[in-house]
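Have a look at the model below before reading on.

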Amino acid sequence: MGSLKDSAVSGSNPLDSPVKQIQIDGLVVLKIIKHYQEEGQGSEVVQGVLLGLVVEDRLEITNCFPFPQHTEDDVDFDEVQYQMEMMRSLRHVNIDHLHVGWYQSTYYGSFVSRALLDSQFSYQHAIEESVVLIYDPIKTAQGSLCLKAYRLTPKLMEICKEKDFSPETLKKACVGYEHMLEEVPIVIKNSHLINVLLLDLQEKSMVADKHELLNLSSSNHLEKSLQLLMDRVDGMSQEIVKYNSYCRNLSKQQQQKQQYLQRRQQENTQRQSRGEPPLPEEDINKMFKPPQAPPRMDTLLIAGQVNNYCQNIKAFTSQNLGKLFMAEALQGHSS
Amino acid sequence: MSRFFATGSDSESEESSSADEITPKATGTTFNKQALLLSDDEEDTKRVVRSAKDKRFEEFTNIIKTIRNAMKIRDMSKCLEEFEQLYRAFLKSKTIMDKEGVPQFYIRLLADLEDYLNQLWEDKEGKKKMNKNNAKALSTLRQKIRKYNKDFETEIASYKENPEQSAEEEEKDDIGSASSSKSDDDEGVTAKSLMKKKPQEEEKKAPEASKFLKGAADEESESEDDEESEDWGSDSVDSGGESEDNEGAAASLAVVFLKKAQDGDKHPERKKDDRRKRHKKMEQVDEEADEEGEGEEGGWEKVKGGVPLVKEKPKMFAKGTEINNAVVIKKLNEILQARGKKGTDRSAQIELLHALAGISNENNLGEGILVKIKFNIIASLYDYNTNLAAFMKAEMWKKCLECIDELLDILFENSNIFIGENIAEDSENLAISDQPFRVRGCILTLVERMDEEFTKIMQNTDPHSQEYVDNLKDEGRVCGIIDRLLQYLESKGSTEEVCRVYLRRIMHTYYKFDYKAHRRSLGLQGETKSEQDQEESEGEDSAIIMDRLCKFIYAKDRTDRIRTCAILCHIYHHALHSRWYQARDLMLMSHLQDNIQHADPPVQILYNRTMVQLGICAFRQGMIKDAHNALLDIQSSGRAKELLGQGLLMRNMQERNAEQEKIEKRRQVPFHMHINLELLECVYLVSAMLLEIPYMAAHEFDARRRMISKQFHHQLRVGERQPLLGPPESMREHVVAASKAMKMGDWKTCHSFIINEKMNSKVWDLFPETQRVREMLVRKIQEESLRTYLFTYSSVYDSLSMETLSEMFELELPTVHSIISKMIINEELMASLDQPTQTVVMHRTEPTSLQNMTLQLAEKLGGLVENNERVFDLKQGVYGGYFNRDQKGGYQQKQNYQRAPDQRGGYQQKQGYQRAPDQRGGYQQKQGYQRDQKGGYQQRQNYQRGGYRNQNQSSY
């Protein structure tokens, strides 16, 4: 945890968003990490609430608390009640009690899901400046703290508000998987006293402690990522097949409709020539009900997830390659 | 009452009137019996013969009487009931009515009834007083009669014009009949005055007495007893009606009840009267019998003396009667007429037939008649059980066998008897004459039936009891009979019959293992002298017999079923005696596999049995794959027991009802023909193990690996699920444990699990050539373990000495060499052989798991792209679109990539790099085996760099 400051600036510029930067207290980061270490294992996910306040266009997150892990069978547990209670208690000890978002741990970067989308939407709908912090414990264990803040783009907010995920609306809104989430830059800020302590610690820490970073390849990590990626690709394939069959049905029906209209027209002209009144117009849409279009949101999410995985793998492999080259060079040097 | 009268008349006219067929038959059979015992020519003349018309009319008058009575007491529901009965009776005797015209009394009743009803209908007050049922009945009856009377309008009208005349006519009729009955009575009185004076209590004894007098009369009296209560019921109505009559028709219902109470004390008297009347009637019948008996006075005298029932026999024929053919046949027909009728004592019938056979034998009536009687005895033996599911009793069965034996004896001794089922009854020639006998009947059917009965007996005996063994001993006799019949029919029968009897013979042969032939083929002599003798007396091998019989059927049979059965039995027999190639060829030639599903269930069961036997045979011969394939169908369903007809499954109890269950039970194969299910399963699992374990090892990373045997995998999973693994107990556990050992290439453990004391006693000792099978099995285990070992651990080795391998698996070097060569040729093992040093050099080209995964991903992405293109095509239309420009290039290539895997089956993804190493491997072999680490590395590099595009190219 040598880095004082970890920021990942995303390319998208959140101009129209009320939050342009996030400033996180060291305390929050540590609390999140601790939460995961205590309660999360493997692919299990831990979640919690972020507290803080907005200062100009900067969101300061000063504290957080975890959601308790609860099992299926205790039904009477009321999450909202718990949150309110918690916030009230925190207020009593004079801590920022404004709800500004939530955090979640992730397993190999798999967090783009329907559940996340829905809850972030409801947060952002209620509290405009809400963010979701994604914490990747595995990467962190490898030596680099991985904490990212995301917000839904306004476009996606619109769509979610409409609850209309048909291909047409998505096309109209020009929402691609790239435009679903926007990443907000994060700054970790500590009090001066803590900074002093850290500097002090840095002095004392051994060199070996930092060598986690140089750990050479773990194909295990890659395999896991690949597995997850494959799973998502399968999902994508299925979605495409679904969409494909929908398209085919649609075009088939269009054809039928055309044929029907043509026939009707012919008949009408015949009738006209015979001097009979034309056939009454019928509701064509009733006769040819268009097939139900498959919702495209899942596809989008999968695409986003796949993108995420790819990015992860890319980062990982490029890092590893670098390390390998380094190792080669070192070996050459030493021999 | 009506019934009583009807039946009474029925009995009397049994022989003379043909119209009696339509009379109600409640007690008819008992009288038939009587007739059968008493029918002598003389009797017929003395009998009172009444025409059908009389009978009918009597029935009518009875009903009418009841209706009138009911009318008197205003019992409308009774009226309605009776009217309906009348209507029915009328319809029945329509033919007579057409001939004779509608009787006057009938019309009169109709008219009266209508009037009466109308009158009642008008009487509003009376109607109100009626209870609900009566009121309802009244309205329905009124409607009915109105409708009904329309048919008789003219008659009724004429009657109404002139009621007296017709009434008189009827009166006369009545008087006539009454007087006649009276005279009867008188006669009865004079003849049997003693009996008449008997007190009531003794009445019950009367039937018994009459039983001694006359064997069948008891039945009649019994039936009378039965009806007594009924009669009383109607009598009481009578009395009620009469009493009401005294009071006048206007009396209300309440009065009726009161009246009835008063009547109470009158009843006993009436009853007594009634009984007396009935008594008279009985006597009348008795007397009749006496009259009948007069002809054979002597016989009857004896009986009067209280001679036991056994002595019935002699009275079959009157003493003085000359017993000749005609008489015996007549008697036989009489006995046969009772056959199948309700109430016939079947065992008595059999007795009678036996007696008849004895008589005809005594009197030397010739073989013809004897054969005919025998036929009938056997048939009635079969008839003894009315229920199809029930089986014959032991003594019946013994008797049946004896009879058939005797029949065959006669047939063999007298070659001049023609029997056949299509000889008409009247063209039979039973008398001794110059002409040969002609007898109707089919010995083949009887024997077939006997065989079925035998199966039924075996099905219904507990297979673990001594009884079963005893019953099974009869199998020899059954076979003997079939053999004799076969001889007989070969000389006399038509080809169809011969085919049928051959099939029977085959059915009794195919499942038996011919130990003698087996021993002979092994070159062993019987150990003791007696056995040798037996061998000699045995004659042909069963194989030769089977061959002869089946070939005859193949050539001559015209019904598909017999041929199919014969083929299946033939295959089964071949398979049982380890003649695998003959069995397989026959199975393939018959094309039964294609159309067996159209056959009936028993044939399908036979087919399943045959397939199973074929599979076991293949296993014994070491054809593991064939064995597995043959057994797969039966074993994979998990219903082997049901499919082989060796028991019902409990679990679909709710799916079938009792009826189906009965049918299924009838299909079961008797226990001595069962195929050992454990053996079957073990053979299947072991062959699955020998196939599946190497396959699993070879395709460890293959995402698209298919299971060879689901059943086997299931067993493995069950084994894995166990929390604690003890030493194996059951056969399945043994196989699972052996599979696990084999997975590691540990053939010795595997061997010890498959072949040990427990498994020997459970399974392997059941084979006739136990030792040979075990040797084969050991060998197979060694080979397959070697393969598994190479698949599993090849990545660990750089090179492997074949000598080490041959030591490890205790196989000869050439065998090891051949197995490895085969694997290399089949591209299962990436290695090459180094001849001078006798080593296997691994190419180390198996992809790592990450590489495997990447390849899978690539494949999936290919699929994704293709799907995507399809969507795009749809959008753009097939022509045009800027992607089409590329289609010749990139996309097409991708398609190639897609297609190639399909052609190559299991090894799809590896294609690209696999080729190269192989080529290089071959090349290197020629080069003098200069392969070293570097070569391997290069190849790997080649693979890694090769990537996508290279693969595409090399796949072309």
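First, the housekeeping. This is a predicted model, where local features need pLDDT of at least 70, side-chain atom pairs count only at pLDDT 80 or more, and totals for chains, interfaces and linings use all residues. Residues are numbered from 1 along each chain as its sequence is written, chains are lettered from A and ligands numbered from 1 in the order in which they are written, and side-chain values use heavy atoms, leaving out hydrogens and water.

**Cores**

In soluble globular proteins, nonpolar side chains tend to be buried together. A nonpolar core here is a set of buried Ala, Val, Leu, Ile, Met, Phe, Trp, Tyr and Cys residues joined through side-chain atoms within 4.5 Å. The largest one has 152 residues, and B:Phe619, B:Met689, B:Ile754 and B:Trp764 have the most contacts inside it. Helix α35 (residues 677–698) of chain B gives the largest share, 13 residues; helices are DSSP runs of H or I, at least four residues, numbered from the N terminus. A second, separate core of 33 residues includes B:Met76, B:Ala89, B:Ile145 and B:Tyr159.

Zoom in on B:Phe619. Leaving aside neighbours within four places in sequence, B:Phe619 is in contact (heavy atoms within 4.5 Å) with residues including B:Ile624, B:Val683, B:Val686 and B:Trp764. B:Ile624 itself is found in helix α32 (residues 624–636) of chain B. Not counting residues up to four places away, B:Ile624 touches B:Phe619, B:Ser687, B:Leu690, B:Leu691 and B:Lys780.

**Rings**

Rings of Phe, Tyr and Trp (its six-membered ring) pair if their centres lie within 6.5 Å; planes under 30 degrees apart count as stacked, over 60 as edge-to-face and the rest as tilted. By this rule there are 18 aromatic pairs over all chains. One of them, B:Phe619 with B:Trp764, is stacked, at 5.9 Å centre to centre and 10 degrees between the planes. B:Phe619 sits in helix α31 (residues 601–620) of chain B and B:Trp764 in the loop between α39 (757–762) and α40 (770–793) of chain B, so this pair ties together parts 145 residues apart in sequence. B:Tyr789 and B:Tyr797 make a tilted pair, with centres 6.3 Å apart and planes at 50 degrees. Ring pairs also link B:Tyr789, B:Tyr793, B:Tyr797 and B:Phe809 into a cluster.

How covered up are these residues? Buried means under 20% relative accessible area, exposed over 50%, and partly exposed in between (1.4 Å probe, protein chains only).

| Residue | Relative accessibility | Class |
|---|---|---|
| B:Phe619 | 0% | buried |
| B:Trp764 | 0% | buried |
| B:Ile624 | 7% | buried |
| B:Tyr789 | 11% | buried |
| B:Tyr797 | 25% | partly exposed |

B:Ser578 has a positive phi of about 60 degrees although it is not a glycine. Find B:Ser578 in the loop between α28 (560–576) and α29 (580–590) of chain B. B:His591, also not a glycine, has a positive phi of about 55 degrees, and lies in the loop between α29 and α30 (592–595) of chain B.

**Over in chain A**

The axes of α3 (residues 114–126) and α5 (residues 154–162) of chain A come within 11 Å and cross at roughly 100 degrees. The contact involves A:Leu117, A:Phe121, A:Gln124 and A:His125 of α3(A) and A:Leu156, A:Met157, A:Cys160 and A:Lys161 of α5(A). Axes are lines fitted to C-alpha atoms, for helices over the stretch in contact, and angles run from 0 to 180 degrees between N-to-C directions.

Terms used: Helix = DSSP H or I, 4+ residues; strand = E, 2+ residues; numbered from the N terminus.
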